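Open the model in your viewer and keep the selection panel at hand. The stops below go from one chain, to the contact between chains, to a single residue.

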Number of protein chains: 2
Amino acid sequence: MKKFKVLAFSFVLVIVLGLGSTGFAETIRWKMASSWPSGTQIQWAADFFAKTVNEMSGGRLVIKSYPAGKLIGALEVFDSVKMGTIDVSHCSPAYQIGKIPAAALFGYIPFGMEAIPYLTWMYEGEGLALYKEMYSKYDFGFAAPCGIIPSEDLAWSNKPIKSMEDFKGLKFRTSGYWGEILTDAGAAVIMLPAGEIYEALQRNVLDAGEFSIPSMDKTLAFHEIAKYLLVPGIHQPSTILDCIVNKKSWAKLPDDLKAVVRGAAQLTTLRMLTNSIHKDISALEFFKEKGINIIYLDPEIQKKLYAKSLALMEKKAAKDPLFAKVWKSQRAFRKGFNGYKKLMTPQYE
Amino acid sequence: MKKFKVLAFSFVLVIVLGLGSTGFAETIRWKMASSWPSGTQIQWAADFFAKTVNEMSGGRLVIKSYPAGKLIGALEVFDSVKMGTIDVSHCSPAYQIGKIPAAALFGYIPFGMEAIPYLTWMYEGEGLALYKEMYSKYDFGFAAPCGIIPSEDLAWSNKPIKSMEDFKGLKFRTSGYWGEILTDAGAAVIMLPAGEIYEALQRNVLDAGEFSIPSMDKTLAFHEIAKYLLVPGIHQPSTILDCIVNKKSWAKLPDDLKAVVRGAAQLTTLRMLTNSIHKDISALEFFKEKGINIIYLDPEIQKKLYAKSLALMEKKAAKDPLFAKVWKSQRAFRKGFNGYKKLMTPQYE
């Protein structure tokens, strides 16, 4: 009988400790909110990141991904991570431009770097250290690039844009530094949310507007109400997205889950790039089939706008020491990269 | 006393089952052998992959990375994974060209795609499905791209190469399809291992030779014995490396560790690309400082060699149905990508 009791007790112990070994791999649940509307390619990246973490952690860290407005507003994600209302955000450093002027240099700037040099500067050059320096006073647990999109469309319009003169008086939907450059070029810049651009172009409230890459613009159906598509996306040659984790949430992770989050962010960056390019190839072909008149902006005009952009960047650098430091690092890197690219790019097609 | 025994027994059980919960996370150890010499940038990628898996799995899957010759020979890795002598290999599909002619199309070919279109075709287009079809008869557990290098150097030489005539009679170290193209152009192609190129160039056994990207060529010190560096690497605009896992080894992994391996391979691909570019920028600057005469091959010569390359690819496609299928898929993708690139690439610098 005593023997039986010992066995029974042991059996209970096996059950309890058996559960304990699952408890050893306890589920941590994170809320992630993004600044992106549901159904867009940028929200695709946020969801891809969450899915990748969930799979690689074997469900030990489960990130639930919320698009803008489902949990909190699009522009509340940064502060919400700081406060701990959410554990992680998916956004772009460029969205912090109001708080931190230098943040734009880590997201996108007019005539900025294309995706691969940008990521090379971030991952292998001085980028990531400067990025961490920028966010250091916010005391986050973790912050890193988590997605990048390639070149945007420059404008959808009902008027052809072929000269500097054509920008004058143009009612143009855009934002940020590019807005300042276009204003300087004589356009009347208007900021409208993505969902209102379609109707504004249709009703001629706007003469022209830009939102994102071809595949996202296809989702917004701009081809239905605009005759002309202007390229290339000199205002946004590539855009880095990032994820930021609350300090306490991060501290609770064991080292392997930290490595999983770090890895998933880089993996999302690669796959968002290739996935966006793949969708953009199809979207451009679709626009051609729909009879959209695609205009490549005269390189001479690009050069004139580049000069305006450089002047604006120097002005920003003069006002903000961190901006100046990052801008200097990027210029030095680009000089080296451009030398490399010139030598290593074939010319046979 | 009986009570004490029960407690003692329980204590033992706690210890045993406590270890059991670590046993739940039992360490799986994999041997990985690569085809790369120790100390090279390609071995860097193999080591990076192993390190990434080790960190993200929290030591539950430990991959030990062996360079060529440490465990098995450079060219034995493919068959060794098949047989299970090693669990995983790090190599390039191009190395299987002797067994599988189409394999070259997944590694590198002359005038092949640059890194980003190549990866877009692989990850988002038809590439990965065709790659799996190619390896299907070998019945591996897992196979995927695991690293990519950007454009190689075209040649180190002691004679300037500026015309098609200059290739005639040139004793040239290279291999594979590029060797066939140069032979057709009148060169005397010689295959030598990496470690012998330096001396062969020094002793004029070779007039010219190529091995890899600028940073790897710097490691091999070709700048010490050659006056001229010819670019761009039209013979190898990018090179995909891959990892292949034995079927039984793969079957033993739980789903989360499978996701970790899958993720680490993609992450290695991104980081090898940015890491190589970063090192190559410095290497090219170093060569300039050393007084190396860097010659960019006349685009007209590039076009003539491209025509030879296209003819050779068509010849290979006519002989092998899988080669023909993959070649057709790549040509269709490149047409779409080139249309996209032409529209989306800025011209202002």
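Contact here means heavy atoms within 4.5 Å. This is a predicted model, in which local features need pLDDT of at least 70 and side-chain atom pairs count only at pLDDT 80 or more, while totals for chains, interfaces and linings use all residues. Residues are numbered from 1 along each chain as its sequence is written, chains are lettered from A and ligands numbered from 1 in the order in which they are written, and side-chain values use heavy atoms, with hydrogens and water left out.

**Stop 1: chain A**

Select chain A. Among its contacts with a separation of 6 or more, 77% join residues 24 or more positions apart. Colour by secondary structure to find 12 helices and 11 strands; these are DSSP runs numbered from the N terminus, helices being H or I with at least four residues and strands E with at least two. Along the principal axes, the C-alpha atoms of chain A fill a box of roughly 100 × 45 × 45 Å. Of its 349 residues, 58% count as buried, that is, under 20% relative accessible area with a 1.4 Å probe and protein chains only.

**Stop 2: the contact between chains A and B**

Now show both chains. Chain A brings 70 residues to the contact and chain B brings 70 residues. The buried area (accessible area, 1.4 Å probe, that two parts lose on being put together, summed over both) is about 6300 Å², with carbon and sulfur atoms giving 69%.

Four salt bridges link chain A and chain B, each a side-chain nitrogen of Lys or Arg within 4 Å of a carboxyl oxygen of Asp or Glu. Select B:Arg271 and A:Glu124 to see one of them, at 2.9 Å from N to O.

On the side of chain A that touches chain B, the elements that each supply at least two residues include helix 1 (2-24), helix 10 (255-289) and strand 11 (293-296). Select helix 10 of chain A: it gives the most to this side, with 19 residues.

**Stop 3: B:Ser157**

Finally, go to strand 5 (residues 155-157) of chain B and pick B:Ser157. Is B:Ser157 buried or exposed? B:Ser157 counts as buried because its relative accessibility is 2%. Its side chain reaches the backbone oxygen of B:Lys159 at 2.6 Å. Beyond neighbours within four places in sequence, B:Ser157 is in contact with B:Asp207, B:Ala208, B:Ala226, B:Lys227 and B:Tyr228.

Notes:
Buried means under 20% relative accessible area, exposed over 50%, partly exposed in between (1.4 Å probe, protein chains only). A polar contact is a pair of N or O atoms within 3.5 Å; within protein, one must be able to donate a hydrogen and the other to accept it, and residues adjacent in sequence count only if both atoms are side-chain atoms.
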